[in-house]
Amino acid sequence: MGRKLRPIEWIAVAISIVLIVLIGIKAWQLVQNRTSKLVAPISSNPLDITFGSDSAQLTIYAYISYHCGYCRLFFTEVYPELEREFISNGKVRLVLKIVEHSNNTDRINEVKTAVCINRYGYYGKLHELLVTNSSVIYSDEFREMVNHFIDSDPLVAECILGNESMDYILQIRNEFDKFGFTGTPTFVIEGRVFRGYMPFEQFKSIIVKHLNQ
């Protein structure tokens with residue numbers, strides 16, 4: 001017969017069991033918090049910034065901010081791989097929804113400029129600038145660049161100075177809050193929400209799963 005456990009050993013075993021249960025509950029909560037089903041579909045808007053073909057098999061919606069460190073990490077570490085493996089060949093479309101909750105003038109003008117230049121001009125260089133140095137929007141040089149866009153193209157001017165771009169900012173803000181999202185980046189893939197930064201391999205497994213359905 002094995003020796004009987006002393007009372008202090010029974011206490012240690014009981015504590016270990018409790019810790020294991022608590023860890024399991026916490027892990028389950030993290031999984032539940034990371035993914036959930038949306039009640040309503042994501043709305044589309046002409047000012048959405050889109051990478052990829054409109055006929056792509058799978059659409060990924062990304063709620064982002066250029067002032068979010070993990071969003072910048074997504075653009076520098078994950079997006080190039082997504083573009084190479086899934087976007088360039090027409091399998092995936094990435095739709096950016098720029099979230100701006102502050103009423104800071106420079107931050108508002110940043111989003112207005114981004115969505116309007118995307119619609120009527122060449123967004124790629126501006127996107128690279130904002131990913132590389134988001135604080136540039138507070139500089140006189142950036143303000144002068146925005147004024148140049150406005151002076152050079154009446155369509156861009158109307159978009160930035162009119163109500164359309166501000167209405168868009170408010171729509172994304174309200175949509176983000178309505179769905180109960182709490183931070184960026186937040187991704188929506190086939191109605192399922194993925195909160196926070198994900199490495200490319202995790203993205204890839206999710207995408208492949210949906211493409212094969």
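The model is predicted, so local features need pLDDT of at least 70 and side-chain atom pairs count only at pLDDT 80 or more, while totals for chains, interfaces and linings use all residues. Residues are numbered from 1 along each chain as its sequence is written, and side-chain values use heavy atoms, with hydrogens and water left out. The chain comes to eight helices and five strands; these are DSSP runs numbered from the N terminus, with helices being H or I of at least four residues and strands E of at least two. Of its 213 residues, 41% count as buried (under 20% relative accessible area; exposed is over 50%, partly exposed in between, with a 1.4 Å probe and protein chains only).

**Overall layout**

- Going along the sequence, the pattern reads α-β-β-α-β-α-α-α-α-α-β-β-α.
- Take the contacts (heavy atoms within 4.5 Å) with a separation of 6 or more: residues 24 or more positions apart account for 77% of them.

- S2 covers residues 58-64, and seven of the seven are buried, so the strand is largely enclosed by the rest of the structure.
- In a regular strand the side chains alternate between the two faces of the sheet.
- Both faces of S2 are covered: one side has Leu-58, Ile-60, Ala-62 and Ile-64, the other has Thr-59, Tyr-61 and Tyr-63, and all are buried.
- S2 runs parallel to S3 (residues 92-98), joined by seven bridges; two strands pair if DSSP finds at least two bridges between them.
- Within that pairing, Thr-59 has Arg-93 as its bridge partner, and Tyr-63 stands opposite Lys-97.
- S2 is also joined to S4 (residues 186-189), this time antiparallel and by four bridges, with Ile-189 as the bridge partner of Ile-60.
- Together with helix H2 (residues 69-87), S2 and S3 make a right-handed β-α-β unit: with the strands pointing away from the viewer, the path from the first strand over the helix to the second runs clockwise.

**Strand S3 from its own side**

- S3 is likewise largely enclosed by the rest of the structure, because seven of its seven residues are buried.

**Helix H4: which way do its residues face?**

- The buried residues of H4 (residues 124-132) are Leu-126, His-127, Leu-130 and Val-131.
- Seen down the helix axis, those buried residues fall within an arc of 135°, so they line one face of H4 (the arc is that of the directions from the helix axis to the C-beta atoms).
- An α-helix has 3.6 residues a turn, so residues three or four places apart point the same way.
- The buried residues pack against S1, H2, helix H3 (105-120) and helix H5 (140-152).
- Turned away from the buried side is a face that carries the exposed residues Lys-125 and Thr-132.

**Cysteines**

- There is one disulfide in the structure, where the term means a pair of cysteine sulfur atoms within 2.5 Å.
- The disulfide joins Cys-116 to Cys-159, with S to S at 2.0 Å.
- Cys-116 lies in H3 and Cys-159 in helix H6 (residues 154-161), so the pair ties together parts that are 43 residues apart in sequence.
- The link of Cys-116 and Cys-159 is left-handed, with -75° about the S-S bond.
- Both ends are buried: Cys-116 has a relative accessible area of 0% and Cys-159 has 1%.
- As for two other cysteines, Cys-68 is buried at 9% relative accessible area, and Cys-71 counts as buried at 0%.

**Asn-45 in its loop**

- Asn-45 lies in the loop between helix H1 (7-34) and strand S1 (49-51).
- With a relative accessible area of 18%, Asn-45 is buried.
- Leaving aside neighbours within four places in sequence, Asn-45 is in contact with Tyr-168 and Gln-171.
- The side chains of Asn-45 and Gln-171 make a polar contact at 2.8 Å (a pair of N or O atoms within 3.5 Å; within protein, one must be able to donate a hydrogen and the other to accept it, and residues adjacent in sequence count only if both atoms are side-chain atoms).
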